[in-house]
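Let's walk through this model together, from one residue out to the whole fold and back. Keep the viewer open and follow along.

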Amino acid sequence: AVVSTQSGHYGRAIKENFVKKAITMEPWMDLEITAPSEYSGTLLASISARDGIIKELDMNEGLCVIHAKAPLKKMFGYTTELRTCTKGLGVFTMEFREYVAVEEEEQERLIAAYRETNKYKNLQVSGLGT
């Protein structure tokens, strides 16, 4: 559709088109978890419970090393969980890997939550959010 810049609706048309095509991205992290091999099953389950993806599992000399990736938002509190389930013997490192698009349902939930904020409501009242 052609929109005249004279009509004052040009900015709105671009914004509406952008919002319809926008994708929310979230950071995913590479993980390396090292612990005594007796805890490998528990550790694999803990990563899966956090929507993580196991890339590799090495068992060597009584230790297990797990290479995985997981969304950053799910990793908060993992240090405490790791210490608890390994009796303080497990360690892990976490490094940024990539941004991944969130699932459509999650994006809709985020947009709905934002629309409930005062910032969004104030933009609507001021006319800047239209």
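**Starting from one threonine**

Take Thr-86, which sits in the loop between α3 and β4 (helices are DSSP runs of H or I with at least four residues, strands are runs of E with at least two, and both are numbered from the N terminus). Thr-86 is buried, with a relative accessible area of 0% (buried means under 20% relative accessible area, exposed over 50%, partly exposed in between, with a 1.4 Å probe and protein chains only). Leaving out residues up to four places away in sequence, Thr-86 touches Ala-35, Tyr-39 and Leu-43; contact here means heavy atoms within 4.5 Å.

A word on the ground rules: this is a predicted model, where local features need pLDDT of at least 70 and side-chain atom pairs count only at pLDDT 80 or more, while totals for chains, interfaces and linings use all residues. Residues are numbered from 1 along each chain as its sequence is written, and side-chain values use heavy atoms, with hydrogens and water left out.

Now zoom out. The chain has 5 helices and 4 strands, and read from the N terminus the elements go α-β-α-β-β-α-β-α-α. Of the 130 residues in the chain, 23% are buried. Among contacts with a separation of 6 or more, 68% come from residues 24 or more positions apart.

The strands form an open sheet of 4, in the order β2-β3-β1-β4, with antiparallel pairing (two strands pair if DSSP finds at least two bridges between them). β2 (53–60) and β4 (91–101) are at the edges with a single partner strand each, so one side of each has no neighbour in the sheet. On average, neighbouring strands of this sheet are turned by 15° against each other, direction ignored (axes are lines fitted to C-alpha atoms, for helices over the stretch in contact, and angles run from 0 to 180 degrees between N-to-C directions).

Strand β1 (residues 25–36) pairs with β4 in the antiparallel sense over 10 bridges.

Arg-83 is in helix α3, and at 54% relative accessibility Arg-83 counts as exposed. Arg-83 and Ala-35 are 48 residues apart in sequence, yet their C-alpha atoms are 9.9 Å apart in space.

Lys-69 belongs to strand β3 and is buried, with a relative accessible area of 18%. Beyond residues up to four places away in sequence, Lys-69 touches Trp-28, Met-29, Asp-30, Gly-52, Ile-53, Arg-97 and Glu-98.

Next, check the backbone torsions. Most residues other than glycine have a negative phi. Asp-51, in the loop between α2 and β2, has a positive phi near 60° without being a glycine. Asp-51 is partly exposed, at 41% relative accessibility. Glu-61 also has a positive phi, of about 50°, and is not a glycine. Glu-61 is in the loop between β2 and β3 and is exposed, with a relative accessible area of 77%.

The volume of the second largest pocket is about 200 Å³, taken as the space filled by probe spheres set on the points, with grid points joined across faces, edges and corners. β1, β4 and α4 (104–115) are the elements that give two or more residues to this pocket's lining. By class, the lining has 5 nonpolar, no polar and 7 charged residues (Ala, Val, Leu, Ile, Met, Phe, Trp, Tyr, Cys and Pro count as nonpolar, Asp, Glu, Lys and Arg as charged, and the others, Gly among them, as polar).

Terms used
1 Å grid on protein atoms, 1.4 Å probe; cavity = no way out; pocket = protein on both sides within 12 Å on 5 of 7 lines; lining within 4 Å.
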